[in-house]
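Subject: Structure for you to look at

Hi,

Here is the structure I promised to pass on. Have a look at it first, and then read my notes below.

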Amino acid sequence: MPTKARGRSARFLLPPWWFAAPALLVYAVVVLYPSGAGVVYAFTDWSGIGEKSFVGFDNFGKLWSDDAARGSLLNTFLLTVAIVVVQNGIGLLLALGVHARIRSRALLRVIFFAPAVVSPVMVAFLWKYVYNPDPDAGLNGILGALGLGSWRQDWLGNPDLALWSVAMMVIWQFAGYSMVIFLAGLESVPDNLHEAAMIDGAGPWQRFRHVTWPLLAPAVTVNVMLSTIGGLKLFDQVYAATNGGPGYASETLSTVLYKQAFVFGNFGYSTAIALVLALFVAAVSLVQIHFLRGREVTL
Amino acid sequence: MNLRYGFRTFALEMLMVVVAVAFLFPVYALITLSLKDPQQIAASPLAPPTAPTFGNFADAWQRASFGSALLNSTLITAVSVVVLIGIGSFAAYFIARCQTRLGYGMYVLFLLGIVLPFQLGMIPLFTMVDDAGLLGTYQGMIVFYSGIQLPFTIFLYTGFIRALPSDYADAALIDGAGHLRAFGQVVFPLLRPVTGTVLILNAVFIWNDFFTPLLYLGGSAQETIPVRIFSFVGQYVSDYGLVFAGLVLAALPILAIFLVLQKYVIKGFSSGLKG
């Protein structure tokens, strides 16, 4: 349908609707229909075989009374906050470092970014060795060699540490990803603004705080949104490194819903957890978009 | 700006190099251990290998049937990306040019898919794929990726096409070309920068994806690299030299492509998501 302003003559210039048909079909089959069905299943006691009956909000009540699931809600939240803050903090420092006129900048960019293109499952297996409880292996071995033997830990076996150890390896893998997004932001800050600020007598910190930082806002938006969604949905790394253990210490929403579905066969309950995850992601994204877009400035 | 390479720049350079060395420790451990046999690992796990052996790599390649996994990953990734570029660019062209409620409604419908976690439809889709007899097949995975990565693909294409003047296509249409020809021969070549971004981001995602291939392909001969390595590691968990050789094999193809195309990959990752 062309708008009236374009008139009849422009109508034949518009691509026909069937250009979108193949995409719509695939999207409906793979995403829309299954997601809609998922919302319905979340209110049933379906177990994959036999009849399913509607149970109202029972699955959501169960989520609150089930220790593993309730713990996973908190874990998912903590993990996401840790990843968003630390990964982006480190990413920003790395970006500022390699944005400076150092000679190794090109090489350092490649080194810091490289882990981001490797499969998270493989990074998790690598870090499983780094976190080896053996005092002579992995990180413990390094700490021993540095004379910090008292810092040695059972990184993944200690329930108080497991979740943070997982966060650490996610941050190691993706800090370079945050870095390249911040770098793109830094490169868009015009040099003459810095020169003007210098002439006005601003020191390095003032220039960062009042020139660079406000202009980095779009990069902050992208980074915060990406790491939040990534953190909320985190599965591969947890599944490969701890499988949610020890006990339920590092269980996340994604690992709990996976186990409920494919280990215990509670399909209805599992989709209810997925629905909670979906609502979380949607709510957090909307709030972030609203808040972060609001602080972006244009030149 | 500070254009001189003064002491402060030198100090920063040293600091960054130290950070990079610490950052690379896991990679050092990975390579060192993959070059040692079990006795050498037991004696001194982290010392540089004195007599490096490549036996672990040959062993890992064979025991993980790595060749077939490499082929499976390549096939599934390549076909999925081609389908995504094909159907995604066509749909985005319609959405970007049709500035009515229909076009806008479609755009919002596709964007919804960026926010929806795929786990919401995971079980219904799994039963559908099972009923269609597509578990353990390439086709099942290709259809899955063609759908799940569409929202993001259309988002990137639509943003790019909206900023593109329609004059070229209009001229072709006025000269009597059909819509298919105008798009295929005039518009699509102009989309090359964004097609590059779409290709890189989708290929990296699909190549590394684990959860769905584990569900759909686990135990079959069609397993992709992450799934195959997952079961390989489970099987030989205590033999670090062998396991790490497997991890090096698994990471090498994508790292090699990254190193060759680093400029484009970094650009794709940093620009693609800005919308």
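Over which residues of chain A does pLDDT stay under 50? That stretch is residues 1-9 of chain A, and for these residues the model has seven contacts beyond four places in sequence. This is a predicted model, and where pLDDT is low, the predicted coordinates should not be read in detail. For chain A as a whole, the mean pLDDT is 87, with 96% of its residues at 70 or more.

Now to how the two chains meet. Chain A brings 80 residues to the contact and chain B brings 76 residues. On the side of chain A that touches chain B, helix α1 (residues 21-41) of chain A gives the most, with 12 residues. By residue type, that side of chain A splits into 59 nonpolar, 13 polar and eight charged residues.

Next, the nonpolar core. The largest one has 174 residues. The members that touch the most other members are M122(A), M179(A) and I273(A) from chain A, together with A91(B), I95(B), I229(B) and L247(B) from chain B. Helix α7 (residues 162-187) of chain A gives the most to this core, namely 17 residues. From chain B, domain 1 (7-53) and domain 2 (60-271) each supply at least three residues to this core.

In the loop between α11 (236-241) and α12 (253-262) of chain A you will find P246(A), and the peptide bond leading from G245(A) to P246(A) is cis, with omega near -10°. N243(A) also sits in the loop between α11 and α12 of chain A. N243(A) is not a glycine, yet its phi is positive, near 50°. Is N243(A) buried or partly exposed? N243(A) counts as partly exposed because it has 13 C-beta neighbours inside 10 Å.

S65(B) belongs to the loop between α4 (55-63) and α5 (66-97) of chain B. With 15 C-beta neighbours inside 10 Å, S65(B) is likewise classed as partly exposed.

Happy browsing, and do write back with any questions.

Best wishes

Methods. Residues are numbered from 1 along each chain as its sequence is written. Chains are lettered from A and ligands numbered from 1 in the order in which they are written. This is a predicted model: local features need pLDDT of at least 70, side-chain atom pairs count only at pLDDT 80 or more; totals for chains, interfaces and linings use all residues. Two residues are in contact if their C-beta atoms, placed from the backbone, lie within 7 Å. Helices (H or I, at least four residues) and strands (E, at least two) are DSSP runs, numbered from the N terminus. Ala, Val, Leu, Ile, Met, Phe, Trp, Tyr, Cys and Pro count as nonpolar, Asp, Glu, Lys and Arg as charged, and the others, Gly among them, as polar. A residue is buried if 20 or more other C-beta atoms lie within 10 Å of its own, exposed if 12 or fewer, and partly exposed in between; C-beta atoms are placed from the backbone. pLDDT is the predictor's confidence in each residue, from 0 to 100. A nonpolar core is a set of buried Ala, Val, Leu, Ile, Met, Phe, Trp, Tyr and Cys residues joined through C-beta atoms within 7 Å. Domain bounds come from an automatic or database domain assignment.
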